[in-house]
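Student: I have a new model open and would like to learn how to read it. Could you walk me through it?

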Amino acid sequence: MESDPGELHSLQDGPQSDSYEHEALTRVRDVLDAVEVALKSKEDGALTKDSSQSDNGDILPSTSDGSGEPSKQEAGASQTNGTSDRGSEASARALKRHALFHELASSRQRLFQLLTKLNSLTKNAHRSLDEKMHGAYARFSGSGMFRGDKSRASGTETKRNRILSNLKDNPVLKRTSAAAIRAGDEARIRSLKLTRRMLTGRTDTRVRDYVKVPRVIRTLDKYSFTFGVLGITLTEYVMLCRPESFRWYYAMIMSPLLVMRWVMYRQVKWQYFLIDFCYWVNGLCFLVIAGPWSRSPILWQTLFISANGPLLIAILAWRNSFVFHSVDKVTSVYIHLFPSLFTWCERWHGDEAAKQPMTLDGWLMSPLKFYMLWQIFYLVQTEVIDRKKLDDDPTIKTSLRWLAQDKRSAPNKIALKLCRSMRIMDDKESFDHHNFKTKVVFVAMQLLYTILCFLPTGLVYQSFFLHSALIIFIFAASVWNGANYYIDVFSKSFESKYADHSSEGKEGSTAETKEGTVFGQDNLSKPH
């Protein structure tokens, strides 16, 4: 019975057989050939024995008459008996041959069944590995390939143990199967290291750890730094040489930045910051630019007071910094600074609507109505419509939660000091965003801050010098905050990065850092 080469070659159809797998297949072929030779030897020996017995022990004695010649009757009987005996012997030999070939076929079939199971296990392991490799980069952190799925590993180990237990009666096949399994494991490890080297540059750095390692100067940061510096230069050119076109420049710059801010804040559950008062003022700028009521003096004066009052002063209150390599920090400065630049161009180089004299309604009443409209909308949205959602998910951030929890911020310290001095809160009592008293305090404090910022802005409306000086001062403060960031924060991160790389070279370990992913909360500035 000839072996089927197709069955043996089918064992090689898995992905990338290495030297161990070739060795395993060679040893399996040797075992099959040995079994076949042994069975054929057993068959030949049995046939030889039967033939010798028929030649020596089964010969009938002859009878003859006196002349020594057998009689005709005896000769006929002897011929008949000889034919019958030879037929019986041939039948017996055929039956034995059939039994031996059946035994050989059964043995070969059993061997191929076991090897087919082993081949199927190897294919499934490689297929699972390929799926994990393709999904690793798409999912960044948290891929199954690097997570180490214990349940799947346990199932694979059970299958291997079952196969080894079926082969325990044959030590040769057991060693062969163990070698094949080791070869599959080593192939998986080599593929894992190759993937890590391609994605991270190191074989001992996991992909999910690599995406969390901060790139102090990432490619995105380089582009952001370049465009941030060029943006300041271009903004200066438009303001000084083309002030009448600044409204379109504002729309061109702020539109993509606001969309990017929405995407980034949605990822870290900061989307409720996007309904703060500063975003309403930027929305009012778009209405003045594109709306049919853009020539309304009251609407224009409301925008001027809001943009150059609480919105511009917020850069000082929240310490917004001009960090050119950070898209988020640059966006925060632009959100608070660009509306005032827009009003500067329109006020001193715009049409007649921006040059109308300031009235009491445009100075205090209309801006206050606009602010109260926002405050009512904000409270209804957060305390009525989405209250259950916010209570169920404490990780969602709002302005109230941020101010109440950030005990080191200036607004929190000032509000707490005033409340304790006025006996509104005890000496040991602190703000809690779930507490109704805390909500009332912060609403009142923000209203007071807004009114105080409205008051001097009317004087700025009347003077080109005061308006220009205010913008320059606030811009310089944001640049100063950025300088402090680069010297006090960024330089330490830069030094720690090289310190970590130095320790990696000596100890061979990956240093852990405090910063998060590209869009993690730790890389985002305070959302104001």
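Predicted model: local features only at pLDDT ≥ 70, side-chain atom pairs only at ≥ 80, totals over all residues.

Student: Which secondary structure elements does the protein have, and how many?

Tutor: The protein has 18 helices and 0 strands.

Student: How do I read a pocket?

Tutor: The general idea is simple: rolling a probe the size of a water molecule over the atoms shows where empty space is left. Here, the second largest pocket holds about 1,000 Å³ of space. Its lining has 42 residues, and those closest to the centre are W318, S399, L403, F442 and Q446.

Student: Which helix gives the most to that lining, and what classes of residue are found there?

Tutor: α17 gives the most, with 11 residues. This helix spans 436–462, and the helices that each supply at least two lining residues also include α11 (297–317) and α13 (360–385). By class, the lining comprises 26 nonpolar, 10 polar and 6 charged residues.

Student: Where does the UniProt record place transmembrane regions?

Tutor: The unreviewed UniProt entry annotates residues 246–265, 272–292, 298–318, 440–459 and 465–487 that way. In the model, residues 440–459 are 100% helix, with end C-alpha atoms 31 Å apart. Residues 465–487 are also 100% helix, and their end C-alpha atoms lie 32 Å apart.

Conventions: Residues numbered from 1 in each chain as written. Heavy atoms only, no water. Helix = DSSP H or I, 4+ residues; strand = E, 2+ residues; numbered from the N terminus. 1 Å grid on protein atoms, 1.4 Å probe; cavity = no way out; pocket = protein on both sides within 12 Å on 5 of 7 lines; lining within 4 Å. Points joined across faces, edges and corners; volume = space filled by probe spheres on them. Nonpolar A, V, L, I, M, F, W, Y, C, P; charged D, E, K, R; others polar. UniProt positions renumbered as here; feature names shortened; annotations may be inferred.
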